[in-house]
Amino acid sequence: MLEIPESKVTSGQLDSILKGKIITQVLVNNSPHKFAFYNGDPNEYASILMGKIITGANAAAGQIELHAEDSILLFSDGVNLRYYEPNVAPPEKHQLFLEFNDNSHLIVTIQMYGGIWAFIEGQNDNFYYLVTKQKPSPLSEEFDEKYFLSLFDSVKQTISVKAFLATEQRIPGLGNGVLQDILFDACIHPATRLQYLSINDKKKMFTSVKNKLIEMTEKGGRDTEKDLLGNWGGYQTNLSSRTFGSLCMICGGSIIRRAFLGGNVYFCPICQVEKK
Ligand SMILES: [Zn+2]
C-alpha cells in the first residue's frame with residue numbers, strides 16, 4: 001500500500017521519468033476489478049487525457065497526483081504503478097494503461113482495492129482528497145511538535161494509539177504499514193489508550209513519526225513495497241509481515257502479531273508494554 005514514504009518516492013520518479021511525454025493511448029478497466037474505483041464514466045478518461053503532455057507529479061499524503069496540463073490523474077493507496085521503458089512489452093492485465101509518444105508505458109494495477117480518478121483540476125470534491133490537500137504532511141516543517149500535540153485536543157481520550165495515528169484522516173497517508181515501526185521506536189503499544197500516555201510518550205511519538213517517515217522516504221520506501229521501476233524500497237522494516245517470526249532487535253523477545261482495528265499490528269510486548 002502506498003503510504004507517505006512510498007507516495008513521495010514514486011511521485012518523484014513519475015515526475016522525473018514522465019515529464020514531457022505525450023499521452024497517446026488510454027485504456028481503462030481493461031481487466032475489470034471489483035474494487036477498482038473510478039470517478040464518473042471511465043470511458044471518458046481518454047477524452048480527459050489523450051494528447052496531453054505530462055507536466056509533473058507530486059505526493060498528496062498517501063495519494064499521488066499525476067498532472068497532464070489541466071488534467072489530474074489521482075491514485076489512492078492500494079494501486080501499483082509501474083513504468084515500462086520504450087519497446088518493453090507491458091503486461092496485458094491492468095486497470096489503467098497509458099501509452100506515451102516514445103512507446104513507453106505507465107501501467108496501473110489494483111491490489112485489494114484502490115482509486116484511479118481522472119478529472120480537470122479543481123473539479124474533484126472528494127472528501128479524502130480535499131482533506132489530504134489541507135493537512136500538513138509529517139515530512140513538512142509545518143508538521144511540528146506543537147501541531148502534533150494539538151491533534152490530541154480534539155479526540156476522545158479512550159481511543160487507542162493506533163486509532164489516533166492511523167484513522168479518521170487525522171494524519172493522511174499514515175497507515176497501518178508505517179505505524180508499526182513508528183510505535184516500536186517510540187516504545188508505545190498500539191492498543192494503549194491515549195488517556196494513559198504521558199506528555200513524554202506523546203513527544204516521543206512525535207519524534208518517531210517525523211524521524212521514521214523521513215528515514216523511510218530517504219531510503220526509497222519500505223522493503224515491503226515496490227517503486228515505479230519494480231524495485232523494493234531500501235528501508236528495512238523492523239516490524240512487518242516480512243520480519244514476522246524473527247526476534248525483537250532490542251530485547252531478543254518474540255514479536256507478537258494481532259488483528260486490531262482492521263489489519264494486523266506487530267509489537268514487542270517487552271519493549272512496548274500496554275499501559276492500563
Ligand atoms: Zn523488545
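Here are some numbered notes on how this predicted model is put together.

1. A word on ground rules. Numbering starts from 1 along each chain, following the sequence as written. As the model is predicted, local features need pLDDT of at least 70 and side-chain atom pairs count only at pLDDT 80 or more, while totals for chains, interfaces and linings use all residues.

2. Start with the overall layout. The protein splits into domain 1 (4-134) and domain 2 (145-267), with bounds that come from an automatic or database domain assignment. Their C-alpha centres are 28 Å apart.

3. Next, the place where the domains meet. Here 19 residues of domain 1 are in contact with 18 residues of domain 2, contact being C-beta atoms, placed from the backbone, within 7 Å. On the domain 1 side, the elements giving two or more residues are helix 1 (4-18), strand 6 (79-84) and helix 3 (127-134); helices (H or I, at least four residues) and strands (E, at least two) are DSSP runs, numbered from the N terminus. Helix 1 gives the most to this side, with 10 residues. By type, the domain 1 side has 10 nonpolar, 5 polar and 4 charged residues. In that count, Ala, Val, Leu, Ile, Met, Phe, Trp, Tyr, Cys and Pro are nonpolar, Asp, Glu, Lys and Arg are charged, and the others, Gly among them, are polar.

4. The largest nonpolar core has 65 residues, and L66, F75, V108 and L183 have the most contacts inside it. Such a core is a set of buried Ala, Val, Leu, Ile, Met, Phe, Trp, Tyr and Cys residues joined through C-beta atoms within 7 Å. Helix 6 (residues 176-186) gives the most to this core, with 6 residues. Both domain 1 and domain 2 supply at least three residues each. Leaving aside neighbours within four places in sequence, F75 is in contact with Q63, I64, L81, V108 and I116.

5. Because 11 of its 11 residues are buried, helix 6 is largely enclosed by the rest of the structure. A residue is buried if 20 or more other C-beta atoms lie within 10 Å of its own, exposed if 12 or fewer, and partly exposed in between, with C-beta atoms placed from the backbone. The buried residues of helix 6 pack against helix 1, helix 5 (161-166), helix 7 and strand 11. Just after helix 6, C187 takes a positive phi of about 55°.

6. Four strands form an open sheet in the order 1-7-8-6, with antiparallel pairing; strands pair if DSSP finds at least two bridges between them. Strand 1 (23-28) and strand 6 are at the edges with a single partner strand each, so one side of each has no neighbour in the sheet. Strand 6 and strand 8 (residues 105-110) pair over 6 bridges, and Y83 has L106 in strand 8 as its bridge partner.

7. Strand 10 (residues 256-259) and strand 11 (residues 264-267) run antiparallel, joined by 4 bridges. I256 stands opposite F267 in strand 11. There are 4 residues between the two strands, and L261 takes a positive phi near 55° in this hairpin.

8. Finally, is G230 buried or exposed? G230 is exposed, with 10 other C-beta atoms within 10 Å. G230 lies in the loop between helix 7 (199-218) and strand 10. G230 and T10 are 220 residues apart in sequence, yet 10 Å apart in space, C-alpha to C-alpha.

Terms used:
Two residues are in contact if their C-beta atoms, placed from the backbone, lie within 7 Å.
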